[in-house]
Amino acid sequence: MRTGRLEAFSDGVLAIIITIMVLELKVPEDHSLSGLLHTTGIGLLTYLLSFVYVGIYWNNHHHMFHLVRQVSGGVLWANSALLFCLSLFPFTTAWMDESRFEPTPVVIYGLNLLGAAIAYRVLQAVIIRRQGPDSPLRRAVGSDLKGKLSPALYLVGILSALAIDQGRIGVWTALTCFVATAISWIIPDRRIDRVVRQHETAD
């Protein structure tokens, strides 16, 4: 089958995820800036982080499927696994927010990020295997240094929140790892764009 239905379904799920996350934000009880910061401040920060991650996955998913002509059952299931992991973002984000960054919710949030990263790499691998030895996606991702480094940073963050029990050092180390990984993916990556242009020229 063509990729249109898969892309449309994925776009719809990601839009719903963002909608659910923004609806979790608490409205301040009064109409002052201090009320906003006290009631919604942390929620806005966790929402921003998760929104950026959803945006990164949507961006990469969109670019990746520029190099895919048809999808198989394996691709559909791998894509569903990715959407499952992303659909947990509203829950893990809200828990981390409401707990005021207690270690366990931060660890669960990190595991959610790790699961989504693994699911994306599995989807990528299934597509490359289906495309064969001359896979345009394989040429586009190359060594995929960021793709390999991201799960390692998530693991460092998770282990820090679990093992370091002095004040909030472990939690802040974990959050630093999560934010740093997001920032690394915000920086534009032109690899797939170049291969897409070459692919379209060849067609």
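These legends describe close-up views of a predicted model.

**View 1**
Three cavities of 30 Å³ or more are found in a search of the whole structure. The volume of the largest cavity is about 90 Å³. Its lining consists of M21, E24, L25, K26, G43, T46, Y47, P90, T93, A94, D97 and E98. Two helices, α2 (33–64) and α4 (89–98), each provide at least two residues of this lining. The greatest contribution to the largest cavity comes from α4, with five residues. Sorted by class, the lining of the largest cavity holds five nonpolar, three polar and four charged residues.

**View 1. The second largest cavity, lined by residues that include E24 and R100.**
This cavity has a volume of about 40 Å³. The residues around the second largest cavity are E24, L25, K26, T39, T40, G43, D97 and R100. Here α2 gives the most to the lining, with three residues. The class count for the second largest cavity is one nonpolar, three polar and four charged. Rolling a probe the size of a water molecule over the atoms shows where empty space is left.

**View 2. The second largest pocket, with a lining that includes W172 and F101.**
About 230 Å³ of space lies in the second largest pocket. The residues that line this pocket are L45, T46, L48, L49, V52, M96, F101, W172, L175, V179, A182 and I183. Helices α2 and α8 (169–186) are the elements that give two or more residues to the lining of the second largest pocket. Eleven residues of the pocket lining are nonpolar, one is polar and none is charged.

**View 3. L48, a residue of helix α2 in the lining of the second largest pocket.**
L48 has a relative accessibility of 48% and so counts as partly exposed, since that class lies between the cut-offs of 20% and 50%. M21 is 27 residues from L48 along the chain, and the C-alpha atoms of the two are separated by 9.7 Å. M21 is itself one of the residues that line the largest cavity.

**View 4. The packing of helices α2 and α5.**
Two packed helices are described by the angle between their axes and the distance between the axes. For α2 and α5 (residues 103–131), the angle is about 0° and the axes are 12 Å apart. The two helices α2 and α5 are therefore roughly parallel to each other, because angles under 35 degrees count as such. On the α2 side the contact is made by L49, S50, Y53, Y57, N60, H61 and M64, and on the α5 side by Y109, L113, A116, A117, Y120, L123, Q124 and I127. The contact of α2 with α5 has eleven nonpolar and four polar residues, and no charged ones. L49 of α2 belongs to this contact and also lines the second largest pocket.

R130 counts as partly exposed because its relative accessibility is 45%, between the cut-offs of 20% and 50%. Along the chain, S72 and R130 are 58 residues apart, while 8.1 Å separates their C-alpha atoms.

Key: Residues numbered from 1 in each chain as written. Predicted model: local features only at pLDDT ≥ 70, side-chain atom pairs only at ≥ 80, totals over all residues. Heavy atoms only, no water. 1 Å grid on protein atoms, 1.4 Å probe; cavity = no way out; pocket = protein on both sides within 12 Å on 5 of 7 lines; lining within 4 Å. Points joined across faces, edges and corners; volume = space filled by probe spheres on them. Helix = DSSP H or I, 4+ residues; strand = E, 2+ residues; numbered from the N terminus. Nonpolar A, V, L, I, M, F, W, Y, C, P; charged D, E, K, R; others polar. Axes fitted to C-alpha atoms, helices over the stretch in contact; angles between N-to-C directions. Parallel < 35°, antiparallel > 145°, perpendicular 65-115°, else oblique. Contact = heavy atoms within 4.5 Å. Buried < 20%, exposed > 50% of the residue type's maximum accessible area, 1.4 Å probe, protein only.
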